[in-house]
Amino acid sequence: MSLVGRTDVDMIVTVNPNTHQISIVSLPRDSYVPNPTYGEGAYDKLTHLGLNSEIGIQNTMNVFNTVFGLDDVINNYVLINFTTFVQIINAIGGVDVDNDIEFYAQFGEYYPAGPVHLEGDYALTYVRERYAFVDGDFERNYHQQIVMKAIIQKLCSPEIIVHFDNLLSALQDTFLTNISSQ
């Protein structure tokens, strides 16, 4: 894993310790945004911002701060890859979501409307699918938020205690962050 490369999912997650609320904002990966590494006035897809070999993910955070007028508020990152996502889902025993729309994914996986239990690769396909929807990336972003919320809820539940060792094992050396463990 590297701090340089494309980002397939871009989310801004804000945790308010005073209100105990978490906000998740998804940014469509194909959004056309300024990319200062290509020069003044240059634009590119959001997913490409981390490709610059000198600053990688820092370029993505810089552009988020600039586009949203956040004055360097976004200064931390957590990077995981698809394999780590599957490992996290499996380590916590899967997640339960309320699927908003029945669909078949690109390779035939079926997701009924209503309550669905997602494990491993089934969860990954759920959050990656966009071709089955009229709203494409927007529906995919919505599904990513649903799963992220389900992960957070599960991590905050007493149920996670029985999965804690699995979770720690699954996460060891599988993600990159600049957030202190403290």
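Biologist: What makes up the secondary structure of the protein?

Modeller: In this predicted model, the secondary structure comes to five helices and ten strands.

Biologist: Why are helix 3 and helix 4 called oblique to each other?

Modeller: The axes of helix 3 (residues 120-128) and helix 4 (residues 137-155) come within 7 Å and cross at roughly 140°. Antiparallel would need an angle over 145 degrees, and roughly perpendicular covers 65 to 115, so the pair is described as oblique. The contact is made by Tyr126, Val127 and Arg128 of helix 3 together with Arg140, His143, Gln144, Ile146 and Val147 of helix 4, and these residues divide into four nonpolar, two polar and two charged.

Biologist: What makes helix 2 and helix 5 roughly antiparallel or roughly parallel?

Modeller: The axes of helix 2 and helix 5 come within 8 Å and cross at roughly 170°. The cut-off for roughly antiparallel is over 145 degrees, and helix 2 and helix 5 are therefore roughly antiparallel to each other. Thr84, Gln87, Ile88 and Ala91 of helix 2 meet Asn166, Leu167, Ala170 and Leu171 of helix 5, a contact whose residues divide into five nonpolar, three polar and no charged.

Biologist: How do you know whether Arg140 is buried or exposed?

Modeller: Arg140, which has its place in helix 4, has a relative accessible area of 5%; buried means under 20%, so Arg140 is buried. Leaving aside residues up to four places away in sequence, Arg140 touches Arg29, Val127, Arg128, Glu129 and Arg130. Gly108, by comparison, is 32 residues from Arg140 in sequence and 16 Å from it in space, C-alpha to C-alpha.

Biologist: Which residues have the most contacts inside the largest nonpolar core?

Modeller: That core has 25 residues, and those with the most contacts inside it are Phe85, Val95, Val97, Leu118, Tyr126 and Val147. At least two residues of this core come from each of helix 2 (82-91), strand 6 (95-99), strand 9 (114-118), helix 3, helix 4 and helix 5 (164-171), and helix 2 gives the most, with five residues. Leu118 touches Ile89, Gly94, Val95, Val97, Tyr111, Ala123, Tyr126 and Val147, again not counting residues up to four places away in sequence.

Biologist: Which residues of helix 1 are buried, and what do they pack against?

Modeller: In helix 1 (residues 57-67), the buried residues are Ile57, Asn59, Thr60, Met61, Val63, Phe64 and Asn65, and they pack against strand 1 (10-16), strand 2 (21-27), strand 3 (32-34) and strand 5 (78-80). Just after helix 1, Gly69 takes a positive phi of about 60°.

Methods. Residues are numbered from 1 along each chain as its sequence is written. This is a predicted model: local features need pLDDT of at least 70, side-chain atom pairs count only at pLDDT 80 or more; totals for chains, interfaces and linings use all residues. Side-chain values use heavy atoms; hydrogens and water are left out. Axes are lines fitted to C-alpha atoms, for helices over the stretch in contact, and angles run from 0 to 180 degrees between N-to-C directions. Helices (H or I, at least four residues) and strands (E, at least two) are DSSP runs, numbered from the N terminus. Angles under 35 degrees count as roughly parallel, over 145 as roughly antiparallel, 65 to 115 as roughly perpendicular and the rest as oblique. Contact means heavy atoms within 4.5 Å. Ala, Val, Leu, Ile, Met, Phe, Trp, Tyr, Cys and Pro count as nonpolar, Asp, Glu, Lys and Arg as charged, and the others, Gly among them, as polar. A nonpolar core is a set of buried Ala, Val, Leu, Ile, Met, Phe, Trp, Tyr and Cys residues joined through side-chain atoms within 4.5 Å. Buried means under 20% relative accessible area, exposed over 50%, partly exposed in between (1.4 Å probe, protein chains only).
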